[in-house]
Amino acid sequence: MLKIGLIGLGHLGKIHLKCILLAAEAYELVGIYDADAELTQRLAAEHGTRAFASAAELIAAVEVVDVVTPTTTHFGVVKEALLGGCHVFVEKPLTQTLEEAKKLIALSRRSGKLVQVGHVERFNPALLALEDVQVRPYFIEAHRLAMFNPRGTDVSVVLDLMIHDLDIVLKLANDEVSEVRASGVAVLSDTPDIVNARIEFRHGAVANLTASRISLKNMRKVRLFQRDAYISLDLLEKESQVVRLFGADATDVPAQGQQFPLDTPRGPRIIHVDQPASGPVNAIQLELESLAHSIETGTAAAVSIEDGYRALELAERISEAVRRNQERLPAPVAT
């Protein structure tokens, strides 16, 4: 088992603490640390682990560091962990700035230590169910809507929510971004609370993404349109649906799923609807276990530090497009 320590015991950190304990075949939890010493002591006693007095002391005692601190502190904590000879799991986004991310990439390569970024939706059963499906989208549409929660409003909705879908889109499109357009509005906080972005890729694919943290309901949906299929992912319900069109005489229609006849201007066709399933998973536990597997086998992290950089870079481009668009808007008229 790998010796692991957890830094950061906020809302998400407490979830990570439980998931590390669940991943007992992969990790031995050595201890925890948070800037709130009283909280650290209380949770350590509650879970039977050691409360460290500083991040440095914890880093010196472990092989893997799980960083679940505010984004503004990611660079400093991850840097210290890498310099201390540890592999790192760090929650998204990787860092606050691209310059910080570049420095961590260089340090990770020099140290030979893995850094995995916590883009947890990569481990959502709805997305995992597509492992055997050929995905070549021409158009991607994503909606990530959430009811307002003051937690996370220190950054824009792009870094708070949309970055999940940016990572998914970059993974599925597997292409270079050629153009970004975006608009957004700050409604309840000092940074944009709702943003819409249009992303064009070098070989023609287009993605249209909307993220809002001021909605009346929660929604996390991604829809993929390609030449041979329409694929719908409900990341909140953890369900996926694949709809394909076959010729009436096709012999390669999958046996599983449902079939419906359809009359078209080109003659009769068959609509095939399948709901592939990967089974229920604890996504955070799974991503932590995947890092352990990568360390033990010497393979690349499932969500590498370079993946984290690309998502952050695209988020920066969208945020800059939002700023440019806001500068073009006319000043409000006094009433």
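1. Strand β4 (64-67) is covered on both faces: Val 64 and Asp 66 are buried on one side, Val 65 and Val 67 on the other. Buried here means under 20% relative accessible area, with exposed over 50% and partly exposed in between, for a 1.4 Å probe and protein chains only. Strands (E, at least two residues) and helices (H or I, at least four) are DSSP runs numbered from the N terminus.

2. The model is predicted: local features need pLDDT of at least 70, side-chain atom pairs count only at pLDDT 80 or more, and totals for chains, interfaces and linings use all residues. Residues are numbered from 1 along each chain as its sequence is written, and side-chain values use heavy atoms, with hydrogens and water left out.

3. On one side, β4 pairs in the parallel sense with strand β1 (residues 2-7) over four bridges; two strands pair if DSSP finds at least two bridges between them. Leu 6 stands opposite Asp 66 in this pairing. Strand β5 (residues 87-91) is also joined to β4 by four bridges and runs parallel to β4, with Phe 89 as the bridge partner of Asp 66.

4. These strands belong to an open sheet of six strands in the order β3-β2-β1-β4-β5-β6, with parallel pairing. The edges are β3 (50-51) and β6 (115-118), each of which pairs on one side only.

5. Thr 71 lies in the loop between β4 and α4 (74-83). Its relative accessible area is 12%, so Thr 71 counts as buried. Apart from neighbours within four places in sequence, Thr 71 is in contact with Pro 93, Thr 95 and Gln 96, contact being heavy atoms within 4.5 Å.

6. The largest nonpolar core has 75 residues, and those with the most contacts inside it are Val 65, Met 162, Leu 166, Ile 199, Phe 201 and Ile 318. Its largest share, twelve residues, comes from helix α7 (residues 157-173). A separate second core of 23 residues includes Leu 6, Leu 17, Ile 20 and Leu 288. A nonpolar core is a set of buried Ala, Val, Leu, Ile, Met, Phe, Trp, Tyr and Cys residues joined through side-chain atoms within 4.5 Å. In soluble globular proteins, nonpolar side chains tend to be buried together.

7. Val 177 lies in strand β8 and is buried, with a relative accessible area of 14%. Beyond residues up to four places away in sequence, Val 177 touches Leu 170, Ile 199, Glu 200, Phe 201, Leu 314 and Arg 317. On the same exclusion, the contacts of Phe 201 include Val 169, Leu 170, Ala 173, Val 177 and Ala 207. The C-alpha atoms of Val 177 and Ala 129, 48 residues apart along the chain, are separated by 26 Å.

8. Eight bridges pair strand β8 (residues 177-185) with strand β9 (residues 194-201) in the antiparallel sense, and Val 180 has Ile 199 as its bridge partner in β9. Strand β9 is joined in turn to strand β10 (residues 206-212) by seven bridges, also antiparallel, with Arg 198 partnered by Asn 208. The β9-β10 hairpin has four residues between its strands, and Gly 204 in the turn has a positive phi of about 105°.

9. Another hairpin is formed by β14 and β15, with two residues between them. Seven bridges join strand β14 (residues 258-264) to strand β15 (residues 267-274), which run antiparallel. Asp 263 stands opposite Pro 268 here.

10. The axes of helix α5 (residues 98-111) and helix α9 (residues 305-328) come within 10 Å and cross at roughly 170°. Axes are lines fitted to C-alpha atoms, for helices over the stretch in contact, and angles run from 0 to 180 degrees between N-to-C directions. The crossing therefore makes α5 roughly antiparallel to α9, a term for angles over 145 degrees. The residues of α5 that meet α9 include Leu 98, Ala 101, Leu 104 and Ile 105; their counterparts in α9 include Ile 305, Tyr 309 and Leu 312.

11. How many disulfides does a search of the whole structure find? The search finds zero, a disulfide being a pair of cysteine sulfur atoms within 2.5 Å. Cys 19 counts as buried at 3% relative accessibility, and Cys 86 is buried at 0% relative accessible area.

Terms used:
Angles under 35 degrees count as roughly parallel, over 145 as roughly antiparallel, 65 to 115 as roughly perpendicular and the rest as oblique.
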